[in-house]
Amino acid sequence: MHMLVLGLALMGVEPAFAQTSAAVEAKPVKMVVLGDSLSAGFGLSGSDAFPEKLQKALKVKGIEVEMTNAGVSGDTSSGGRDRLDWSVPEGTQAVVVELGANDALRGTDPAITRAALADIVTRLKARGIAVLLCGMLAPPNNGSDYSARFNAIYPDLAKSLGVALYPFFLEGVVGDARLNQADGMHPTAEGVEVIVKNILPSVEAFLGAISGQRS
């Protein structure tokens, strides 16, 4: 075997097993964004949706990702839990969970939202899938007590379940009319770019941790 490898090397031919190893290292991370209209790209062209723009931003950084946009407009955290198995196919290595905005808009009991998100994270972890949980904040018109209970869900779950947290998905965009569509809730293409720019360091660190665990 050693003589064969040496002979191939002298002839300038790379052994097949070395090519196979390199191919494995170059495989893109299979990632799913499990979310609602904020990540699905409501009111935008497909190329302007969050998952697609995030994939492009990662590629610029030299990080290849095989991205699946599993965003469903109007979905709640309970809805995401109900479709989890078919939204996150076998072979997925990383999931960005962006759910809860519709729960807050509807005034859903935070205990229900917490239970659904906890179930999603627990089931993904049981499948060996890394999770980045994106936080959401309740609108102020729900009252301070509701907001306190709802807003605490994400940091609490990230800590208790041991997953990465991005504190607020709409950071830098919420409340800025220039970055939101006419409804004042969904980001424009420019708004999505701001979200991607802000979350990118967290996603890079998240994917770096996965690579470290798999190496």
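Me: What share of the contacts in the protein with a separation of 6 or more comes from residues 24 or more positions apart?
Reply: A contact here is a pair of residues with heavy atoms within 4.5 Å, and in this protein residues 24 or more positions apart account for 76% of the contacts with a separation of 6 or more. This is a predicted model, in which local features need pLDDT of at least 70 and side-chain atom pairs count only at pLDDT 80 or more, whereas totals for chains, interfaces and linings use all residues. Residues are numbered from 1 along each chain as its sequence is written, and side-chain values use heavy atoms, with hydrogens and water left out.

Me: How many helices and strands are there in the protein, and what percentage of its residues count as buried?
Reply: Helices (H or I, at least four residues) and strands (E, at least two) are DSSP runs numbered from the N terminus, and the protein has 11 helices and 5 strands. Buried means under 20% relative accessible area and exposed over 50%, with partly exposed in between, for a 1.4 Å probe and protein chains only; by that scale 44% of the 215 residues are buried. The protein exposes about 10,800 Å², of which carbon and sulfur atoms supply 58%, the areas coming from the Shrake-Rupley method with a 1.4 Å probe.

Me: How are two packed helices described, and at what angle do α8 and α10 cross?
Reply: Two packed helices are described by the angle between their axes and the distance between the axes. Axes are lines fitted to C-alpha atoms over the stretch in contact, with angles from 0 to 180 degrees between N-to-C directions. The axes of helix α8 (residues 110-126) and helix α10 (residues 153-161) come within 10 Å and cross at roughly 35°. The residues that make this contact include Thr-113, Leu-117 and Val-121 of α8, together with Ile-153, Leu-157 and Leu-161 of α10. By class, the contact has 8 nonpolar, 2 polar and 3 charged residues, where Ala, Val, Leu, Ile, Met, Phe, Trp, Tyr, Cys and Pro count as nonpolar, Asp, Glu, Lys and Arg as charged, and the others, Gly among them, as polar.

Me: Is Thr-113 buried or exposed, and which residues does it contact beyond its neighbours in sequence?
Reply: Thr-113 of helix α8 counts as buried because its relative accessibility is 0%. Leaving aside neighbours within four places in sequence, Thr-113 contacts Ser-77, Asp-103, Thr-108, Phe-150 and Ile-153. Asp-103, which lies in helix α7 (residues 101-106), is likewise buried, with a relative accessible area of 1%. The C-alpha atoms of Asp-103 and Ser-77 are separated by 7.0 Å, although the two residues are 26 apart along the chain.

Me: Is Lys-53 buried or exposed, and with which side chain does it make a polar contact?
Reply: Lys-53, placed in helix α4 (residues 50-60), is buried because its relative accessible area is 15%. A polar contact is a pair of N or O atoms within 3.5 Å, one able to donate a hydrogen and the other to accept it, and the side chain of Lys-53 makes one with the side chain of Glu-193 at 3.3 Å. Lys-53 also touches residues including Ser-47, Asp-48, Ala-189 and Val-196.

Me: Where is Pro-28 found, and how far apart in space are Pro-28 and Val-65?
Reply: Pro-28 is found in the loop between α2 (16-25) and β1 (29-35), and is partly exposed at 31% relative accessibility. Pro-28 and Val-65, 37 residues apart in sequence, are 4.7 Å apart from C-alpha to C-alpha.
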